[in-house]
Amino acid sequence: MTILHINSSIRGEQSHSSRLAGLLADKLKTAYPASPIIFRDLAQTPPPLLDPAALQALFTPPEQRSAAQQDRIAMDDRLIAEVQQADHIVLGVPMYNFGIPAQLKAWFDAISRTGVTFRYTANGPEGLLTGKKVHLALAFGGLHRGTPHDLVTPYLQTALGFLGMTDLTFIHAEGLAMGEDIAKAALQQAEAEVAALAV
Ligand SMILES: Cc1cc2nc3c(=O)[nH]c(=O)nc-3n(C[C@H](O)[C@H](O)[C@H](O)COP(=O)(O)O)c2cc1C
């Protein structure tokens, strides 16, 4: 049983999503004390952008790759291996400018590799990262859940589901920029939801 814990906030100690993700990870550690934990702070060590050089490296046969191309692919390989070996994944996700942080998008770009983490069949796409439970702590400044403004929750459902990760538990903390009282109540509710969660 391996736990992969990933934070993506750029707000360091101030981050609500990272704090809530920490509570989720603590809960898993208590439930599975012998489990190894892999921790990644994507803001501290962002995956490199999917750029023309990276795409070129991916489409170059392994034996023909330059040293720089091998290094570039090796970084993505590491991130893929972490997800492959994880049984439980905890993601801390803030909303920035209506989307997920660019660093988290770069992580999705890194782990989405055809033939490795998904493939296309005659029946359509098939995700290959199956059998994992994903616990997500989301932090929004406004109130978006269930409205067309929430581009974060459906994106995560789609991007994770495409790769085979369909067992998702969302904890939302919303209205965090709407004054102290609303933020406090939202965080208390999110913490209560984490506490009540069966992992
Ligand atoms: C650069 C930036 C952009 C943001 N954009 C949005 C936004 O589009 N919608 C929203 O509801 N809140 C927005 N917020 C508020 C954050 O969602 C809120 O601060 C939340 O706590 C961020 O998660 P974190 O504390 O884990 O970093 C933004 C905050 C920052 C710093």
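Tutor: The expected span of a helix is 1.5 Å times one less than its number of residues. Keep in mind that this model is predicted.
Student: How do you know that the span of helix H6 agrees with its 17 residues?
Tutor: H6 covers residues 180–196 and should span 24 Å; its end C-alpha atoms are 24 Å apart, so the two agree.
Student: What makes the buried residues of H6 line one face?
Tutor: Ala183, Ala186, Leu187, Ala190 and Val194 are buried. Down the axis of H6, the buried residues fall within an arc of 95 degrees, so they line one face of the helix. They pack against helix H1 (16–31) and strand E7 (167–173). On the face turned away from the buried side of H6 are the exposed residues Asp181, Lys184, Ala195 and Ala196.
Student: Why is the pair of Phe118 and Tyr120 called edge-to-face?
Tutor: Ring centres must lie within 6.5 Å to pair, and planes over 60 degrees apart count as edge-to-face. The centres of Phe118 and Tyr120 are 6.1 Å apart and their planes stand at 90 degrees, so the pair is edge-to-face.
Student: Are Phe118 and Tyr120 buried or exposed?
Tutor: Buried means under 20% relative accessible area, exposed over 50%. Phe118 has 11%, so it counts as buried; Tyr120 has 57%, so it counts as exposed.
Student: What makes the pair of Phe118 and Phe162 tilted?
Tutor: The planes of Phe118 and Phe162 are 50 degrees apart, with 4.7 Å centre to centre.

Methods: Residues numbered from 1 in each chain as written. Predicted model: local features only at pLDDT ≥ 70, side-chain atom pairs only at ≥ 80, totals over all residues. Heavy atoms only, no water. Helix = DSSP H or I, 4+ residues; strand = E, 2+ residues; numbered from the N terminus. Buried < 20%, exposed > 50% of the residue type's maximum accessible area, 1.4 Å probe, protein only. Arc of directions from axis to C-beta. Contact = heavy atoms within 4.5 Å. Phe/Tyr/Trp six-rings, centres within 6.5 Å; stacked < 30°, edge-to-face > 60°.
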